[in-house]
Amino acid sequence: MVGPAINVRTRLSFSDVNGGEELCLTSAPTSIAGSECGGIEFTKEDVEALLNEKLKRKDRFNLKEKCDNMVEYIKRLKLCIKWFQELESSYLLEQRKLQDELETSEIKSSEMEMIVKNKEEELNSIIVELRKNNAFLREKFTQEESEKLAAVESLTKEKEARLIMERSQASISEELARAQRELSSANQKLSSLNEMYKRLQDYITSLQQYNGKLHTELSTAEDDLKRVEKEKAAMVEDLSMIKGELALSKASQDEALKQKDAMLNEVTCLRREIQQVRDDRDRQLSLVQTLTDEVENCRESAEKYCEELDEMKAKANELEARCSSQSIELKTLQNHLAAAENKLQVSDLTAMETMHEFEDQRRLVSELLARLGDAETKLMEGEMLRKKLHNTILELKGNIRVFCRVRPLLPDERSSPEGNFISYPSSVESLGRGINLVQNGQRHSFTYDKVFAPEATQEDVFVEISQLVQSALDGYKVCIFAYGQTGSGKTYTMMGKTGFLEEKGLIPRSLEQIFQTRQSLQPQGWKYDMQVSMLEIYNETIHDLLSSNRSAPDVLRAENGSPLKPYSIKHDANGNTQVSDLTVVDVRSAKEVSFLLQEASRSRSVGKTQMNEQSSRSHFVFTLKISGVNESTDQQVQGVLNLIDLAGSERLSKSGSTGERLKETQAINRSLSSLSDVIFALAKKEEHVPFRNSKLTYLLQPCLGGDSKTLMFVNISPDSSSANESLCSLRFAARVNACEIGTPRRLTNTRP
């Protein structure tokens, strides 16, 4: 019964090396054929069968047969893991190649985008300039056309006026000849008319007055006609200068023409009346004199009209020449416009080709991203399978798993002149699992189950232990403890930083995962009861951190003043650990446990040393007991989760401890030395292991020598002044990783 992992962070995947084809476990690269695996390939069914394989034993007491079977099984598992590692290395190479291709394609696409943008900006500027020139030329052409039409209209009107004047001159000359003929006849009749002259004298005077009146009206009409012509000329000039008033000028011109026609009609009417008067005065000399004066006036006006006509012809010729030059200029501009349009079409074609290339590059990038995503998915599946195989091998070997974590440099440590003495190998075999330390020019290399660099977050660390925490719900005993010198980040790894959600430690995150998994398993019929206890080992004395009557750290007294019985540690036959009189609290949510953790943190013994402002002066042990039962299958499980924050080892010369701090330092170093003795004895497989030399090792006896799943965090300081302590911690962690404590056993039974 293994629930789903919570907050599992996926690793970066390998690239798809088969050209987009679907990869399975059997799609190993050709380079594996010549490897140590001898061309053997594993399918998903083979791996599952290998994991689910049960050892067949004829005699359950034949340990030699059991060992041979286990060795053979471990060899097959190692062969499978080695095949997966080689497959992983080939996938890494292909992933790097695809990433390089992706980067180059992205660079090319960005360059093409910049070129397309520059081309578009140039073409847009050219188009805008051409449009402005075209609009300006069109306006200029329309203006010249309007001026030309106005000049042509004025020329035709002047020609018509000249024809009218010539016709009127011819008619006047005919009238003069006729008047001369009539004058001769009148002279003949003058004698007869002398008699009538006196009678007609009065009538003549009245007619003269009427004739004078008509002459004044005729002069006013001629003046009005000249004024209308002057207004017409002014309107024509205004029409050529102002385009916006063209319609108004035309209207005023039409009105002027109408007025002119009306005046001409009036003139013709007056002339008819004058003709009638002249008919009446056929026999009078005054009429002849008047007609002679009119002929002279007509000659003068005709001369004036001829001069004006010559001027209008000169203006018309000038306008025609100007119009022809403008037509030539317009044709030139039209040719320029056609050339610009052709250039624009060529640029459009170039832009379209560039866009097509850009689209092809974009499609290629999307295909590469899709292939990369598929490869990441397949790599994640392979990574999960590799972890499962690795955990299976470690459980079968019974070794203690060791994770190494290097904390970041502090601000006052960054200016160290010695530089960085810790490095990490980049080979495929040691990537993420190896660490190198240089001391006195000598290089020391170590390999663990996992190595976390300074930039690793709390989430990254918890992802690696989430499956181990899950095992506690499945009925296993799980123990995780942090080891290292003072100031190396053990308490930060286990507890985190208060008030910052992203920097929560392993203990709060483990509890959140357990309670979330408990909630998800309820639909399957599982019900869990959980109990929490917390204690510290201070100066080889156990203190209950959840006790309500806790007083001085060294002596606990009852209500009557007598000292209480000290806490004692007991182990039963099943490997379960009991601490007498220890406070055990039933919990139902992660919030309740967080509250208890805060209370325990305030009660824990801490102190200030030269190496750490808040140094833990005791070993902190958090225990969560889990009892689960399935209502549908009557299956019962009992798991235990022990999370331990050990006090830091330190040298008296560096810590500067005196008085009470000196006693604490000596007690801490003795307990850690006892832990080292236990690890040495387990590594050498001695018959006697000195678990009882200290309270710490006796409390950890089921975790170090029993059937539990145990993980140790070794915390390292990157400060060059701590190189000796870091090297000692790494060597101790290597010995711990080599210890075999037995195969973990699941505590499960059937409810009666």
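I call a residue buried when its relative accessible area is under 20%, exposed when it is over 50%, and partly exposed in between. I keep in mind that the model is predicted.

Entry 1, annotated site. I looked up the UniProt record, an unreviewed entry, and it gives a "binding site" at Gly 484, Gln 485, Thr 486, Gly 487, Ser 488, Gly 489, Lys 490 and Thr 491. I took two of these residues further.

I found Gln 485 in the loop that links strand 6 (477-484) to helix 6 (490-495). Its relative accessible area is 2%, so I log Gln 485 as buried, the cut-off being under 20%.

I placed Thr 491 in helix 6. Here the relative accessible area is 30%, so I log Thr 491 as partly exposed.

Entry 2, helix pair. I describe two packed helices by the angle between their axes and the distance between the axes. At what angle do the axes of helix 7 and helix 8 cross? For helix 7 (residues 506-521) and helix 8 (residues 590-603), I read a crossing of roughly 160°, with the axes coming within 9 Å. I note the crossing of helix 7 and helix 8 as right-handed.

I then listed the contact residues: helix 7 contributes Ile 507, Leu 511, Glu 512 and Phe 515, while helix 8 contributes Ala 590, Val 593 and Leu 597.

Key: Residues numbered from 1 in each chain as written. Predicted model: local features only at pLDDT ≥ 70, side-chain atom pairs only at ≥ 80, totals over all residues. Heavy atoms only, no water. Axes fitted to C-alpha atoms, helices over the stretch in contact; angles between N-to-C directions. Helix = DSSP H or I, 4+ residues; strand = E, 2+ residues; numbered from the N terminus. Left-handed = near helix turned anticlockwise from the far one by under 90°. Contact = heavy atoms within 4.5 Å. UniProt positions renumbered as here; feature names shortened; annotations may be inferred. Buried < 20%, exposed > 50% of the residue type's maximum accessible area, 1.4 Å probe, protein only.
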